[in-house]
Each structure stands twice: as structure tokens, then as C-alpha cells.
Amino acid sequence: MKILLPPSEGKTPATSGSPLDLPELSAPDLNPQRKKVLTALQRVSKRKDALKQLGVGASLSADVERNVSLDSLPCAPALLTYSGVLYEAMGAPDLVADAPTNETLAQRLRSVHVFSALFGQVNGLDPIPAYRLAMKTDLGTLGKLSSWWKPVLAKSFTVDPAEVILDCRSSDYRAAWPGPHEQVVTLGAVKVTGAKRSVVSHWAKYYRGELVGRLLADDRELPANSADLVSRAEESYEVEFTPHAKNRPAALTIILRD
């Protein structure tokens with residue numbers, strides 16, 4: 001099983017640790033592309049109109065300034081660098097803390113892949129710095145990053161035809177690597193009030209993280225197929241499952257009732 005996560009917009013800078021070393025990251029075939037994006041991001045972040053180019057407000061100017069020095073800033077495991085609702089609900093700090101003494105858990109965290117506008121994708125234990133860059137950003141000569149990364153990731157990020165892929169990503173990151181529809185199961189949540197359904201983006205992030213955290217911390221093997229995944233989700237939630245079709249992946253939906 002592979003678990004695909006989006007990055008968080010907010011990130012927690014490491015207070016100590018080694019600086020970025022691309023050869024230390026998983027998927028080393030991506031390093032030439034990672035270097036290109038890093039160089040382009042540093043160049044854009046030095047510009048007077050950097051905030052506009054990166055699509056962020058003045059409150060994030062310090063984050064953009066950090067981009068200039070990304071190759072010299074301390075790094076931490078990806079699951080600690082990314083923060084926010086999903087990662088908090090996942091219990092990421094506890095999982096990372098337990099990994100050094102639990103090889104099974106450590107291997108599972110390496111099967112968690114965070115898709116990144118800067119790095120393409122990294123596994124949960126890859127050491128990275130906190131950065132500010134979104135997949136929808138256009139970095140000039142590279143263009144929109146979701147489009148730039150798509151052919152690269154199509155060659156690099158391969159999956160076993162027998163494994164199930166739990167996809168917790170948002171649309172921009174799914175666009176960069178849609179994956180085989182017959183293997184991908186997207187995870188979402190809806191609020192149901194009577195006959196009315198509504199999207200709950202905040203709580204969708206929360207329940208995605210919570211389910212992922214439960215799967216990773218469980219002593220049992222990770223689900224081997226979509227039926228196993230649905231069964232495990234049903235232990236904690238009311239869910240609906242929509243099988244894949246020719247033009248879309250399967251969908252697992254957590255139902256939240258008033």
C-alpha cells in the first residue's frame with residue numbers, strides 16, 4: 001500500500017539539523033529536476049515582486065525570504081516539516097518519534113509520499129527544509145509546476161500493479177500524478193444534514209489525517225486492496241465507497257452526520 005499526502009501550506013522550520021542534501025532524499029532520479037525548481041524558486045524569491053509571483057500575501061514575506069537560503073537551512077523529516085490539520089490529526093510527531101525503534105513503522109512512513117511543488121515527491125522520513133511554494137505556481141521558464149512535474153513523475157513514481165493507493169491529496173497535486181485509476185482510492189469527507197450534502201474542507205483534512213494515522217499505528221498489516229481499506233475505515237467511521245470508472249479513481253467518503 002502507498003499513502004499519498006498533500007503538503008501543508010504552513011510548514012514548521014527545523015531549529016537544528018543538517019542542511020538540505022539532495023542525494024539524501026528518496027527517488028534520487030528526481031534530483032536534477034529538484035535542483036532546477038530550487039534554483040528557479042530562489043531566483044524568484046529574490047525579486048521585488050516575489051510575493052506576487054508566488055501568489056502569497058505580505059504576512060508570508062518571511063517565508064519567501066527563507067526560500068532564498070533553502071540549501072543552507074536545517075532540515076527535518078518531511079512529516080515534521082509539514083504541519084497543519086491533516087498532519088496534526090495524523091499524529092505525525094509521535095509516529096516519527098517512534099520510528100527509530102520500530103522498523104515496521106519506519107518502513108510504513110517511507111511508504112507515505114508527500115507530493116511537493118519543490119521536490120516532486122518525498123517520503124515521510126526524507127529530511128527537507130521549510131519552504132513556500134505551491135504546485136499551482138508558475139515559475140517563469142518552468143511554467144505551472146503541476147504541469148511541469150507531471151511527465152517527470154509519470155516516469156519516476158511507479159507503483160506495484162497489485163497495491164492499493166490511498167490518495168489524500170488536493171486537486172493540484174493529483175494533477176501532477178493522477179496514478180492508475182484502477183488502483184487509486186481518493187479519500188474525502190462530506191457533511192450530511194437531512195437530504196443535503198456539503199463539502200467540509202477543514203474536516204476532510206482532519207479525517208484524512210486521522211484515518212492515515214490509525215492505519216500507520218495499527219499493529220495489523222496495511223490494507224492490501226480497496227476492500228480491506230473500506231473494511232478498516234468502517235471500524236471508525238460511516239463510509240461510502242464508489243468503485244473506479246474509466247475516467248476516475250475509486251472514492252472512499254467519510255460521512256459526517258449532524
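Colleague: What is the relative accessible area of arginine 232?
Modeller: This is a predicted model, in which local features need pLDDT of at least 70 and side-chain atom pairs count only at pLDDT 80 or more, while totals for chains, interfaces and linings use all residues. Residues are numbered from 1 along each chain as its sequence is written, and side-chain values use heavy atoms, with hydrogens and water left out. Buried means under 20% relative accessible area, exposed over 50% and partly exposed in between, with a 1.4 Å probe and protein chains only. Arginine 232 therefore counts as buried, its relative accessible area being 11%.

Colleague: How far apart are the closest N and O atoms of aspartate 218 and arginine 232?
Modeller: A salt bridge is a side-chain nitrogen of Lys or Arg within 4 Å of a carboxyl oxygen of Asp or Glu. Aspartate 218 lies in the loop between α10 and α11, and arginine 232 in helix α11, so the pair ties together parts that are 14 residues apart in sequence. They form a salt bridge, and the distance between their closest N and O atoms is 3.6 Å.

Colleague: Are α1 and α8 roughly parallel or roughly antiparallel to each other?
Modeller: Helices are DSSP runs of H or I with at least four residues, and their axes are lines fitted to C-alpha atoms over the stretch in contact, with angles from 0 to 180 degrees between N-to-C directions. Helix α1 (residues 31-45) and helix α8 (residues 145-156) pack at an angle of about 165°. Angles under 35 degrees count as roughly parallel, over 145 as roughly antiparallel, 65 to 115 as roughly perpendicular and the rest as oblique. The two helices, α1 and α8, are therefore roughly antiparallel.
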